[in-house]
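Please read them beside the sequence and the coordinates.

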Amino acid sequence: FAPTPSAFIDYLANVYREPWHVLWLARILVVVVIAAGFTGLAAALSAYTGRRWEPVMGVVALTSLASLWPYTYWASADGMAIGLFALATAAAIVQPPPGGRGSGMPVLAGAFMGLVLASRTTFFPGVLLPAAFLWMNSGERRWRNLVIFGFATAVCQVAACPSWWVEPVRFLKAGLGNYRKQGTPIGWWDALQVMRQAAPVWFWILGALAVGYGFVSRQTAPVVATLVMGLFMLTAAARSPFVQPHYFTSVVLATGVLIVLALALISGAVSARFQRLYSRLGVGLLALATLGGVSATVTGSRPADSFTENARQVRAALPALAGQRIAVPLDFFSRTANQATNAALRGMAERLESALAGGQSVAPYLRSYGFSAAVASALALDFNEKDQAMEARLRVMAASSRPGQVELAYFSPDSDAGRNGVLTTAEVLAQLEHGELDGIIGLTTAPAFSVRTTTLGENLTFVRRPTAP
C-alpha cells in the first residue's frame, strides 16, 4: 500500500465493496471496550458497596446479556455505547476521597457519556444514571459536579460527532425525522412487547425486585433515574410506528446495575451465618445466567433466516453470470457489490446524481410530512445528505482496481424511486422484456411475458429471458 491519493482511493473503494474484514476489526474493538467497561463497573460497585465478589459475579452475568443481542449492522455502535456507558457509570459511582475537591470523576463520567451519545444517540436517556450516582456521592458539591458532568458530556459528544460541527441542522433534522416516521404508532402494549424482547423475562423480574429493594436501602436516585429512563423510552416507543429492541439497551444496562447493586447490598446485610450459603447460591445463579446467555447466543440469537440464506445464494450464483446483465434487490447490495463492474456502480451514481439534481430523491418523503409540492422541491436540496453520501460512496467504489465481472443493477419497490440510484420493479421488468437485462434475481412480481424461472433459495427466484445464456 503506497501512501498516494490514488492508492488510498483504491483501498477505500475495496473497503466499501467488501467491508467484512473492517467490520471484524470493529467487532474486536467493541469486545475490548465492553470488557473494559464491565470490568470498571464491577470494580466501582465493589468499592461502593464494600463487597468483593458479588459485584464481579453480577457483572459477569450482565456480560451474558450483552451476548444475547444478535450482531447486525448497528451492533458496532450499540456495543461501543454499551462499554462506554458502563465506564461512564463506573466513574460516577466512584466516591471522592474525604475532603477531596477534585472534579476528575464528573469530568471523566461526562467524557465517557459524551462518547456514548456520539456512538448511539438513542442512549441519551441513559445520562440520568451516572447523574444520579454523582448526585448521591457529591454531597454539598452535587450541583457543581452535575454542571461539570453535563458540560463534559456536551463537549465530548459534539467533539466526537462530526455531524454537529459540519452540518448541525441536517443532523437535527435526521434525528427528528427518524423519530417522527410516518405510520400508525404501535401503542403501549406493543411497546412493552418490544421492551420485553430486549432482555429475558427473568431479567425484568429481577429488575423489579431490585427497584423495590433500592427504595428500601435508600438508593433512591439511581432507582428513580432508571424508572424515568424506562418510562420515557416506553412513551417514545408507544408513539412511534417503528421500534426495535435495541432502543431499550440503556434501560437494560441501568436495570442490570440496580440488580448487581441490590445483590451486593443484600450480601452485606445478611448475617455471617448465611454468608457462605448466600455466596454459593449467588455463584450458582449467576453461573446459570451466564451459561444461559452463552447458550442463547449460540442457538437463538443468530438464526439462519431466509434473508441471510438468500444473500448467500445470490452471492454464490453471481460468479457463473460474469458478463451478463443481472438485476438483484437492493437488500443484497452489501453482499454483492464486490461482484459488480465499475461501470454498473458508476451508472448507479449517475442515476442518483440526476435524481438529486431534480429534487426527486427526498421530495416524496417531505410531502408525506405535510409539505406542499413546491416547498418539498425547494427543501429537497438541503435534506438529501444520505443520498449525497451514497453517490460519493458509489463513485469511490467505481474506481476500484479489482472490479467484479457482473453488470449488476439493483431494484427496490416503486416507493423508493429516485433513491440510492436504484431501479423500480416496473423498470427492471421492462428492461428484461426488451432485452436490456439478461435476468432478475429475487423478483416477487410475476412477469406478464414469457420467462424461464429457476429457484436459488427459499422464496428466491431467478427469472431469465428464454433466449438468455
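**Notes on helix 7 and the cores**

1. The face of helix 7 that is turned away from its buried side carries exposed residues, namely Trp-143, Val-147, Phe-151 and Ala-159. Please keep in mind throughout that this is a predicted model.

2. On the buried side of helix 7 are Asn-145, Leu-146, Phe-149, Ala-152, Thr-153 and Gln-157. Viewed down the helix axis, these buried residues fall within an arc of 130°, and they therefore line one face of helix 7. The cover over them includes helix 5 (104-119), helix 6 (128-137) and helix 8 (162-166).

3. The length of helix 7 (residues 142-160) can be checked, because at 1.5 Å a residue its 19 residues should span 27 Å, and its end C-alpha atoms are 26 Å apart, which agrees.

4. Gln-157, which has its place in helix 7, has a relative accessible area of 9%, and since buried means under 20%, it counts as buried. Leaving aside neighbours within four places in sequence, Gln-157 is in contact with Gly-114, Leu-117, Ala-118 and Trp-164.

5. The largest nonpolar core has 60 residues, and Phe-123 and Phe-248 are those with the most contacts inside it. Helix 4 (residues 75-93) supplies the largest share of this core, with twelve residues. Apart from this core lies another, of 27 residues, which includes Leu-318, Leu-330, Leu-408 and Val-422.

6. Not counting residues up to four places away in sequence, Phe-248 touches Ala-191, Val-194, Met-195, Ala-198, Met-233, Leu-234, Ala-237 and Val-243.

Methods
Residues numbered from 1 in each chain as written. Predicted model: local features only at pLDDT ≥ 70, side-chain atom pairs only at ≥ 80, totals over all residues. Heavy atoms only, no water. Core = buried A, V, L, I, M, F, W, Y, C linked by side-chain atoms within 4.5 Å. Buried < 20%, exposed > 50% of the residue type's maximum accessible area, 1.4 Å probe, protein only. Helix = DSSP H or I, 4+ residues; strand = E, 2+ residues; numbered from the N terminus. Contact = heavy atoms within 4.5 Å. Expected span 1.5 Å × (residues − 1). Arc of directions from axis to C-beta.
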